[in-house]
Amino acid sequence: MNKKVVKHTSKKFDYAKAPDWYWRYGLHDAFILSALEIDLFPDCKFKNPRRNCLEIYLDSSQALYEKNICKISLYNYKVKTSELKINELENSYWLSDTLTQLPNKKHLLEIKVVTAQVKRKQFAVEFEFAEVERK
């Protein structure tokens, strides 16, 4: 069984304690349609304005568990790996992921994928908050 583990700082805790937006049961075999980087105009009315967004569009109809997720938006993000570029996420299959809450209140999402060239790669991105669109 593909059990999800979510890390909080350096301690692991049960996936049931993950943020409300998180896909608790996993996106294994979801197909990544595209990944877009968007620069946003910050709205200074908010304490933490949205400066940029990484949008990941998915076809999760064939995913093992979470079959209703179509878009993941990660706000105020910064890519933390050079192994896999954002555009290489397109046409890949989502294998697994780990979500870590960092001491600075941000999150680190590490995604393992199989690329179109059938290579296993890892992609890591740090972000402040997320929105998930479900069908």
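User: Where does Asp29 lie among the strands?

Analyst: Helices (H or I, at least four residues) and strands (E, at least two) are DSSP runs, numbered from the N terminus. In this predicted model, Asp29 lies in the loop between strand E2 (11-14) and strand E3 (30-39), and Asp29 has a positive phi of about 75 degrees although it is not a glycine. As background, most residues other than glycine have a negative phi.

User: Which loop holds Asn91, and what is its phi?

Analyst: Asn91 sits in the loop between strand E6 (78-79) and strand E7 (92-101), with a positive phi of about 60 degrees although it is not a glycine.

User: Is Asp29 buried, exposed or partly exposed?

Analyst: Buried means under 20% relative accessible area, exposed over 50%, and partly exposed in between (1.4 Å probe, protein chains only). Asp29, at 33% relative accessibility, counts as partly exposed, and Asn91, at 42%, is also partly exposed.

User: How many aromatic pairs are there?

Analyst: Rings of Phe, Tyr and Trp (its six-membered ring) pair if their centres lie within 6.5 Å; planes under 30 degrees apart count as stacked, over 60 as edge-to-face and the rest as tilted. By this rule there are seven aromatic pairs. One of them joins Trp21 and Tyr22 edge-to-face, at 6.1 Å centre to centre and with 85 degrees between the planes. Trp21 is buried, at 16% relative accessible area, and Tyr22 is buried as well, at 1%.

Residues are numbered from 1 along each chain as its sequence is written, and side-chain values use heavy atoms, with hydrogens and water left out. Local features need pLDDT of at least 70, side-chain atom pairs count only at pLDDT 80 or more, and totals for chains, interfaces and linings use all residues.
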